[in-house]
Amino acid sequence: MTKDDTILIADASGLSWYGMGRDRDKFLHYLEAFANLVAAAEREACAKVCEAQDEYGWQQYADAIRARGQA
């Protein structure tokens, strides 16, 4: 997720009204960290769903999902 993506999401959610004024850079730093943690948790949840379907050979999909977080 890029900084621009984070700003767009903050604007869409209305969150930017609460933090963009005073120390915009600090706010964006913490917002990006939060967004990255949420994305990592979501990737891991999706990967676990794939692993649960291992009888269908979905381990490769779980690995691909986890690799997205490393890129």
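Analyst: A disulfide here is a pair of cysteine sulfur atoms within 2.5 Å. This is a predicted model: local features need pLDDT of at least 70, side-chain atom pairs count only at pLDDT 80 or more, and totals for chains, interfaces and linings use all residues. Residues are numbered from 1 along each chain as its sequence is written, and side-chain values use heavy atoms, with hydrogens and water left out.

User: OK, how many disulfides does the structure hold?

Analyst: It holds 0. For Cys-46, the nearest cysteine sulfur is that of Cys-50, 7.2 Å away.

User: Is Cys-50 buried or exposed?

Analyst: Cys-50 is buried, at 10% relative accessibility. Cys-46 is partly exposed, at 32% relative accessible area. Cut-offs: buried is under 20%, exposed over 50%, partly exposed in between (1.4 Å probe, protein chains only).

User: Switching topic. At what angle do H3 and H4 pack?

Analyst: About 170 degrees, with the axes 7 Å apart. H3 covers residues 24-52 and H4 residues 59-70. Helices are DSSP runs (H or I, at least four residues), numbered from the N terminus. Axes are lines fitted to C-alpha atoms over the stretch in contact, and angles run from 0 to 180 degrees between N-to-C directions. The pair is therefore roughly antiparallel, a label for angles over 145 degrees.

User: Which residues of H3 make the contact?

Analyst: Among them are Arg-43, Cys-46 and Cys-50, while H4 brings residues including Tyr-61 and Ile-65. Contact means heavy atoms within 4.5 Å.

User: And in H1, which residues are buried?

Analyst: Thr-6, Ile-7 and Ala-10. The face turned away from them carries exposed Asp-4, Leu-8 and Ala-12.

Conventions. Helix = DSSP H or I, 4+ residues; strand = E, 2+ residues; numbered from the N terminus. Parallel < 35°, antiparallel > 145°, perpendicular 65-115°, else oblique.
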